[in-house]
Amino acid sequence: MTLSLAQAAIGPPEKEDLKFGFIKLTDMAPLAIAYEKGYFEDEGLFVQVEAQANWKVLLDRVIDGQLDGAHMLAGQPLGATIGYGTQAHIITAFSMDLNGNGITVSNDIWERMKPHIPKDADGRPVHPIKADYLKPVVDEFKAQGKPFNMGMVFPVSTHNYELRYWLAAGGIHPGFYAPHKGDISGQLSADALLSVTPPPQMPATLEAGTIHGYCVGEPWNQQAVFKGIGVPIITDYEIWKDNPEKVFGVSKAWADANPNTHLRVVKAMIRAAKWLDANDNGNRPEAVEILSRPEYVGADYEVIANSMTGTFEYEKGDIREVPDFNVFFRHNATYPYYSDAIWYLTQMRRWGQIEDAKPDSWFMDIAKKVYRPDIYAQAAQSLIEEGKMEASEFPDFGTEDGYRAPQTHFIDGITYDGHSPNDYLKKFGIGLKGDDKI
């Protein structure tokens with residue numbers, strides 16, 4: 001992926017006035033910081049950022065051109081491009097963060113889990129807390145003929161796949177999708193019934209008793225602690241260390257029509273991500289103040305700070321160090337790896353959203369159609385040439401092939417290699433693999 005200086009030079013923006021969408025979550029931070037720190041203006045761009053009601057509305061508005069781009073679930077560009085739910089070619093040249101989610105259960109469920117959870121010498125629960133300890137509770141619900149309901153934010157969300165991954169690792173079946181049969185509930189054969197709830201509504205829905213737990217980004221797990229209605233039992237960092245989370249998505253048609261604008265947007269976002277992680281998270285308190293404003297996340301400073309400044313509060317008063325709970329730039333967080341895209345596609349296949357077996361080459365072809373490290377590399381090279389960034393802060397674009405080294409830090413100990421998606425699927429006890437079909 002070698003770039004010449006001529007390639008790195010970026011022309012004037014084709015479109016200067018832009019509107020970007022986001023959902024009220026702390027991981028929209030690169031957008032807010034690029035705006036507040038003037039990085040968009042440095043690129044000759046005049047940007048509006050606008051909160052959206054939910055993920056579907058956000059995606060639809062990018063597709064129909066009301067938004068120029070948006071903070072998206074990583075599964076949204078992939079799902080749309082393969083025609084799951086909505087058909088549209090969406091691309092991403094910028095990954096917004098690593099980690100940042102958690103799984104919370106109600107106080108009642110937590111009390112039922114506690115007898116099964118190992119304790120350390122101080123009597124505190126040993127983390128990470130596995131779904132093995134939730135299974136007796138779910139089994140009890142089943143024996144009594146009662147549904148065990150949990151919330152996630154969208155069918156192709158990281159949260160859906162992380163919650164499913166954690167549950168299945170503990171022997172709890174989260175259910176299959178069967179879109180070819182008209183069933184998009186995702187609840188076929190399920191022990192735990194997962195359904196969609198918008199992120200900001202998770203705590204209230206838990207408090208109302210409609211769901212018994214949920215998987216969501218921040219600040220909506222810490223909000224449950226502050227409200228005294230639930231207990232965040234595990235972060236996604238503990239399910240898969242440094243897992244890819246949100247992306248910045250635009251339509252392929254928009255990117256083709258506005259290549260210089262797109263590169264300039266990516267440049268501004270890279271600078272914002274670097275600022276967020278600079279000085280060992282030294283800028284995070286300022287970032288928390290910005291995010292707490294009503295035009296962004298609009299939650300209390302203390303609630304947002306709980307996870308953004310290096311700690312995470314589990315059971316009330318049980319505050320533990322999780323410095324990488326949300327990473328914006330370290331570990332090449334912003335680089336759109338093909339292997340990240342392929343992991344999402346494996347989970348879509350595992351749970352039936354992709355109904356038929358696909359060869360490894362198909363997974364790789366889709367990843368390359370949606371994830372665009374070539375655009376990222378050109379934006380990065382421009383920042384290096386301008387002296388705003390160092391080459392050492394990025395992957396070596398001369399040798400980078402877009403695949404992370406095999407990932408080993410999953411809660412179930414299974415290794416993921418993006419080069420072999422079908423072999424990866426064969427390793428799971430629960431889920432579709434090979435020629436399986438619902």
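**Close-up views of a predicted model**

**View 1. Asn332, a residue with positive phi in a loop.** Asn332 sits in the loop that runs between β16 (326-327) and α16. The model shown here and in the other views is predicted. Although Asn332 is not a glycine, its phi is positive, at about 55 degrees. With a relative accessible area of 25%, Asn332 is partly exposed.

**View 2. Asn99, a residue with positive phi in a strand.** Strand β5 (residues 98-99) contains Asn99. Phi of Asn99 is near 65 degrees, which is positive in a residue other than glycine. Asn99 has a relative accessible area of 0% and is buried.

**View 3. Gln353 and its polar contacts.** Gln353 is placed in the loop between α16 (338-350) and α17 (360-370). Its relative accessible area is 5%, so Gln353 falls under the 20% limit and counts as buried. The side chains of Gln353 and Tyr161 are joined by a polar contact of 2.6 Å. A polar atom of the Gln353 side chain also lies 2.8 Å from the backbone oxygen of Pro155. Beyond four places in sequence, the residues in contact with Gln353 are Tyr84, Pro155, Val156, Asn160, Tyr161, Tyr177, Pro179 and Met348.

**View 4. The largest pocket and its lining.** The largest pocket holds about 260 Å³ of space. Its lining is made of 13 residues, of which Tyr84, Gly85, Thr86, Phe154 and Pro155 are the closest to the pocket centre. Two elements, α4 (55-63) and α5 (75-82), each give two or more residues to this lining. The largest share, four residues, comes from α5. Sorted by class, the lining has seven nonpolar, five polar and one charged residues. Tyr84 and Pro155, named here among the lining residues, are also in contact with Gln353.

**View 5. Pro77 in helix α5.** Pro77 belongs to helix α5. The relative accessibility of Pro77 is 0%, and the residue counts as buried. Apart from residues up to four places away in sequence, Pro77 touches Met72, Ile90, Val247 and Val370. Gly249 is 172 residues from Pro77 in sequence, yet the C-alpha atoms of the two are 6.7 Å apart.

**View 6. The nonpolar cores and the surroundings of Ile233.** The largest nonpolar core consists of 86 residues, and those with the most contacts inside it are Met113, Leu134, Trp166 and Ile233. Helix α16 gives the most to this core, with seven residues. Neighbours within four places in sequence aside, Ile233 is in contact with Ile103, Thr104, Val105, Trp110, Met113, His127, Ile129, Trp166 and Tyr314.

**View 7. The cis peptide bond between His127 and Pro128.** His127 and Pro128 are joined by a cis peptide bond with omega of about 0 degrees. Pro128 is in the loop between α6 (107-113) and α7 (135-143). His127 is one of the residues in contact with Ile233.

**View 8. The cis peptide bond between Glu218 and Pro219.** The peptide bond that joins Glu218 and Pro219 is cis, and its omega is about 15 degrees. Pro219 is located in the loop between β11 (213-217) and α10 (222-227).

Note on methods: Residues are numbered from 1 along each chain as its sequence is written. This is a predicted model: local features need pLDDT of at least 70, side-chain atom pairs count only at pLDDT 80 or more; totals for chains, interfaces and linings use all residues. Side-chain values use heavy atoms; hydrogens and water are left out. Buried means under 20% relative accessible area, exposed over 50%, partly exposed in between (1.4 Å probe, protein chains only). A polar contact is a pair of N or O atoms within 3.5 Å; within protein, one must be able to donate a hydrogen and the other to accept it, and residues adjacent in sequence count only if both atoms are side-chain atoms. Contact means heavy atoms within 4.5 Å. A nonpolar core is a set of buried Ala, Val, Leu, Ile, Met, Phe, Trp, Tyr and Cys residues joined through side-chain atoms within 4.5 Å. On a 1 Å grid over the protein atoms alone, a cavity is a set of points where a 1.4 Å probe fits but cannot get out, and a pocket is an open set with protein on both sides within 12 Å along at least five of seven lines; lining residues have an atom within 4 Å of a point. Grid points are joined across faces, edges and corners, and a volume is the space filled by probe spheres set on the points. Ala, Val, Leu, Ile, Met, Phe, Trp, Tyr, Cys and Pro count as nonpolar, Asp, Glu, Lys and Arg as charged, and the others, Gly among them, as polar.
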